[in-house]
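Thanks, everyone. Please have a look at the next slide while I talk.

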Amino acid sequence: MTDTPGTGPGRERALAEAQHAHWQQTYTANPGMYGDRPSAPDLTVDGTGLLCVQLLLRLRARIAHLPAGAVVHIHSTDPAAPLDLPAWCHLTGHEYLGPVPYEATDREVYALRLTSAPVRTRPDRPWHPAPEAD
């Protein structure tokens, strides 16, 4: 199976890297537009060593008690995190804020802001919406 030109995993990765570079450039030029203390999140979730499903399960469990508007930083070593986190935020309604400048080179840090009415996801499959209650 071949990808249609301009689509596929290579293009998605290139788009994620471009978004990362743009966000870092914008943040560096305008740090005040992301709040007075962007490096002080309401919660930090350590997802180092976890891949997609485990990372999202941990994230979902850790943010369950937080109020709308809370900013969460996620530390991750998963190479798919720049694709998975924005997609999950789009599904659930949380706002993906993008990568956060971080001095360590052994992980990446991403930020999101919680919504007041997130879409519930299945307990065992955080990338699938939960069935509607009768």
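I'll go through a pair of strands, then a threonine, then the cysteines. Keep in mind that this is a predicted model.

Start with strand β1, residues 43-47. Which residues sit on its covered face? Leu43, Val45 and Gly47. Thr44 and Asp46 are on the uncovered face. β1 runs parallel to strand β2, residues 71-76, and five bridges join the two. To get from β1 to β2, the chain passes through helix α2, residues 52-63. That β-α-β crossover is right-handed.

Now Thr121. You'll find Thr121 in the segment after β4, which spans 108-113. Buried or exposed? Thr121 has 10% relative accessibility, so it counts as buried. Its side chain makes a polar contact of 2.8 Å with the side chain of Arg60. Arg60 is also on the contact list of Thr121, once neighbours within four places in sequence are set aside. Also on that list are Trp88, Leu91, Thr92, Pro126, His128, Pro129 and Ala130.

Last, the cysteines. A disulfide is a covalent bond between the sulfur atoms of two cysteines. Cys52 is at 25% relative accessibility, so it counts as partly exposed. Cys89 is at 2%, so that one counts as buried.

That's the tour. Over to you.

Notes. Residues numbered from 1 in each chain as written. Predicted model: local features only at pLDDT ≥ 70, side-chain atom pairs only at ≥ 80, totals over all residues. Heavy atoms only, no water. Buried < 20%, exposed > 50% of the residue type's maximum accessible area, 1.4 Å probe, protein only. Helix = DSSP H or I, 4+ residues; strand = E, 2+ residues; numbered from the N terminus. Pairing = 2+ DSSP bridges. Right-handed = clockwise from strand over helix to strand, strands pointing away. Polar contact = N/O pair within 3.5 Å; in protein donor to acceptor, adjacent residues only side chain to side chain. Contact = heavy atoms within 4.5 Å.
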